[in-house]
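I opened this entry to look up the aromatic rings.

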Amino acid sequence: MSTDTKKVDPVLVEIVAGTLASIEAEVETAIGRTSRSPMIRDAHDYRAGIYDVKMRKLTGRSYSALVQPVVRDYPIETMKPGDVFFHNDVYRSEGGIGHLPDLCVTVPVFQGEEVVGFVQAFGHHDDIGGACPGSMPSNAQSVYEEGLMVPPIKLWDQGVPNESALKIMTRNSRMPDSLAADLDAECSACLMGAKRVSELFERYGRDQVEAAFDAILDANTEVFRKEILSKIPDGEYVWEDYAEQDGVDEPRLYAQRITLTKTSAGDGVTDGHITLDFTGTSPQAKGPINHCGNYSDGNFLAKWLAPILRNLADTPERMAELDVNEGIIPLITMKFPEPGTLLTPIFPAPTNARTFVILRLLGVFAGVLAKAVDGRMPADQETIRYTGVYGEDLEGNSYLMREVLGGGSGGRYYADGEDTIHVVPDSRNLPTEFTESRFPFLVERLGLAVDSGGPGRYRGGLGYEKHFRMLKDCNFMSIADRSILSCWGVKGGKAGRPFEIVIDPDGPNERAVDALSDAEPVKAGEIIRIRTTGGGGWGDPLDRPYDEVLRDLQWGKVSVQGALDDYGVVATKDGDDVSIDEQASDAERATRRESAADDAPFFDRGPGYARLSGGREFADVDHL
């Protein structure tokens, strides 16, 4: 910490940090209560952030976009109170926006006539134009097919909305009323947040508040260097994982590779630093799975990946206490391959399904860290996919229902994974009461997908199983990955079950639907069954205690057949009564241990990997 930072009153630092977190939460609450679209209001697919005048993110409760593109096009000295800036252009966002439906609002904070910070919000909106409803065409080969691109513009000028810009945006949307209402909610919430931050400066003075900002970021840097990076032995580690399809070409392995290099002064702590080199990542895809990660020196991507490091904390309780703000940036250097890869696409490459890359990179980062720390990291998870239906409702009005369903998280070295979680903070599935009252279908089942969690000493979390019956003909849409390649298990743990969509299950027209679909026709009366991914398992499933397998059987998370196939447990079930034959199970497990390979890889990718790899069961990087 600098000399100036050490002089700051520590009590004031805590007050400022708590106030910023409260303001961020208030901004997000205001958006949720005043927006209109289901994706924003109900699913909570948005987040806010607070930045200082140096464009450093001060808060760690949520992740957010970047201020850099706004300041690049509108210098700070030209900004006025009441200004509101807007953008969604992926290639002009410095890596902060991943696809066009993510609309970003930025409001400068003033003390008097001087800018002292920024409040920002961005979220996933229903429709911004493009080739299909929802602005996420699964087979797009150009960003021009994905919707309206807006580089940074001044949406409000000193409190006066730019009506012409709003008219253009809403005219390009299939859901103009929702779009206009959501933008109004986000602008108003950010203006309110800017006022709250301004009050902080008025109360304590600019010098003291900015010194507190420095202290907050310096403390974050030191905590991660001493508590987290110190757990990684100095050295170089390599791992990769894959997306499975891009919506245009046939399914294949789209590699995302990380070479992690940890350095220090020799004690693992002093000058601790990590370098993430993405060389070896596949060429950019024809379809929309590319992500523009190589802008602003990878600033957005570094903050996106950094929360994975929290898993190295001493206890789960300590993990929950650690925020990720701009203080993480001095600890990470990002190295990107030349332009033309999945992470360095060349305009106008499409990007609407970039989740296939940025979510996979979370897993690649966890995997390469697992190699460095002998598996003391969670197994893999895939917690986001977009599914939905669109058409005309019973009154003949056009509608779009799109939902982001979570999946199971990976087993951990100390506990099972969590069921049906979501990567977006505070997000949720759409309530049945809401969807049935607004859209022409009935939700006939919503529960856990039995046996979906990857087997392990610690089982992966379970995904969703959801059935809804259409009351009128419609089109089904899906933007999802992990339908072939499962969430990997680690250190003896097995892969989870992949994503699956079946229409009219057990009916005369039963058919599986590709995970990337824009307009699969569904007839009135047919059921759409969605099963989301289970997390990977951690540790040998034959080491899972019988009482834990029995509990899973009683809770319905594991079936009798699954207990035998996955855990070597012989069980019987009669109604609600479940019992385990421990003697028979001991014999079954002993036989399996005798036949187990001595040189099994550290990671288990599941059977889908062989399908896309030419028959190989594991990659060269899967051994320690």
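My notes on ring pairs, a cluster and charges over rings follow.

I am working from a predicted model. I looked up the aromatic pairs and found 17 in the structure.

**Entry: F201 and F213.** I took this pair up after the total. The ring centres of F201 and F213 are 5.8 Å apart. Their planes stand at 80 degrees, over the 60 needed, so I logged the pair as edge-to-face. I then checked where the two residues sit. F201 belongs to helix 6 (residues 176-204) and F213 to helix 7 (residues 206-228), so the pair ties together parts twelve residues apart in sequence. Are F201 and F213 buried or exposed? I found F201 buried, and F213 buried as well.

**Entry: F441 and F468.** I went on to this pair. The centres of the F441 and F468 rings lie 5.0 Å apart, and the planes are at 45 degrees, so this pair is tilted. I placed F441 in strand 13 (residues 441-448) and F468 in strand 14 (residues 464-470). The pair links distant parts of the chain, 27 residues apart. I noted both F441 and F468 as buried.

**Entry: the cluster.** Which residues form one aromatic cluster with F441 and F468? I listed Y399, F434 and F439 alongside them.

**Entry: charges over rings.** I looked up R47 and found it over the face of F122, 4.8 Å from the ring centre. I also looked up R605. Its charged end sits over the ring of Y609, at 5.3 Å from the centre.

Note on methods: Residues are numbered from 1 along each chain as its sequence is written. This is a predicted model: local features need pLDDT of at least 70, side-chain atom pairs count only at pLDDT 80 or more; totals for chains, interfaces and linings use all residues. Side-chain values use heavy atoms; hydrogens and water are left out. Rings of Phe, Tyr and Trp (its six-membered ring) pair if their centres lie within 6.5 Å; planes under 30 degrees apart count as stacked, over 60 as edge-to-face and the rest as tilted. Helices (H or I, at least four residues) and strands (E, at least two) are DSSP runs, numbered from the N terminus. Buried means under 20% relative accessible area, exposed over 50%, partly exposed in between (1.4 Å probe, protein chains only). A charge sits over a ring if NZ of Lys or CZ of Arg is within 6 Å of the ring centre and within 35 degrees of the ring normal.
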